[in-house]
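Okay everyone, thanks for coming.

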Amino acid sequence: MGERVSSWARDAPVDRPMFEHPPLLPFWLGHLTEPGRLRDALETHRAEAERLRARAAADLARAADQPDWAYPLLALTWSERYDAAQRDLVAGLRADLDAVTEHDEDPLP
């Protein structure tokens with residue numbers, strides 16, 4: 001591997017993550033849209049997170065017996081966990097959305 005890549009891997013600072021999460025941004029202005037639209041966006045994000053998690057899991061299974069892949073396997077493991085967490089966060093946000101909108105969707109007496 002080139003010296004520049006080795007130097008970067010060795011010396012680059014770890015940047016703080018930026019919290020700009022596109023699936024969450026519509027919730028900031030959720031009062032300007034319909035709960036159904038927010039639920040649809042959550043389902044799209046959940047499905048994509050699960051697709052990516054499954055792909056990382058499949059890649060892990062294929063590479064698990066490759067001794068030269070010890071460090072890439074760590075990255076794949078992180079990816080699988082990250083996407084599983086995204087999927088699970090959607091479930092929590094969906095429950096929160098349902099609790100907030102429950103009174104709005106009840107029929108009038």
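So, Glu43: with a relative accessibility of 40%, it counts as partly exposed. Keep in mind that this is a predicted model. Who does Glu43 pair up with in a salt bridge? That's Arg46, with N and O 2.7 Å apart between the two side chains. Both residues sit in helix H3, three residues apart, or about one turn of the helix. Arg46 is partly exposed as well, at 29%.

Let's stay on helix H3 for the next pair. Glu50 makes a salt bridge with Arg53, and the closest N and O atoms there are 2.7 Å apart. Because these two are three residues apart in H3, about one helical turn separates them.

Is Arg53 buried or exposed? Its relative accessibility is 18%, and buried means under 20%, so Arg53 counts as buried. Glu50 comes out at 21%, so it falls in the partly exposed class.

Now, Arg53 has another partner. It also forms a salt bridge with Glu80, where the closest N and O atoms are 3.2 Å apart. Arg53 is in helix H3 and Glu80 is in helix H4, so this pair ties together parts that are 27 residues apart in sequence. Glu80 itself is partly exposed, at 22%. And the story keeps going: salt bridges with shared partners join Glu50, Arg53, Glu80, Arg87 and Asp88 into one network. The whole structure holds 10 salt bridges.

If you're wondering about the general idea, side chains of opposite charge can pair when their charged atoms come close.

Next, look at Asp83, which is in helix H4, residues 70-105. Asp83 is buried, with a relative accessible area of 10%. Leaving aside residues up to four places away in sequence, it touches Ala49, Leu52 and Arg53. Asp83 and Ala56 are 27 residues apart in sequence, and their C-alpha atoms are 8.7 Å apart in space.

Last stop, the second largest pocket, which has about 160 Å³ of space. It is lined by 12 residues, and Gly30, Leu38, Leu97, Val100 and Thr101 lie nearest its centre. Which elements give two or more residues to that lining? Those are helix H3, residues 35-63, and H4. H4 gives the most, with six residues. By class, the lining has six nonpolar, four polar and two charged residues.

Terms used
Residues are numbered from 1 along each chain as its sequence is written. This is a predicted model: local features need pLDDT of at least 70, side-chain atom pairs count only at pLDDT 80 or more; totals for chains, interfaces and linings use all residues. Side-chain values use heavy atoms; hydrogens and water are left out. Helices (H or I, at least four residues) and strands (E, at least two) are DSSP runs, numbered from the N terminus. Buried means under 20% relative accessible area, exposed over 50%, partly exposed in between (1.4 Å probe, protein chains only). Contact means heavy atoms within 4.5 Å. On a 1 Å grid over the protein atoms alone, a cavity is a set of points where a 1.4 Å probe fits but cannot get out, and a pocket is an open set with protein on both sides within 12 Å along at least five of seven lines; lining residues have an atom within 4 Å of a point. Grid points are joined across faces, edges and corners, and a volume is the space filled by probe spheres set on the points. Ala, Val, Leu, Ile, Met, Phe, Trp, Tyr, Cys and Pro count as nonpolar, Asp, Glu, Lys and Arg as charged, and the others, Gly among them, as polar. A salt bridge is a side-chain nitrogen of Lys or Arg within 4 Å of a carboxyl oxygen of Asp or Glu.
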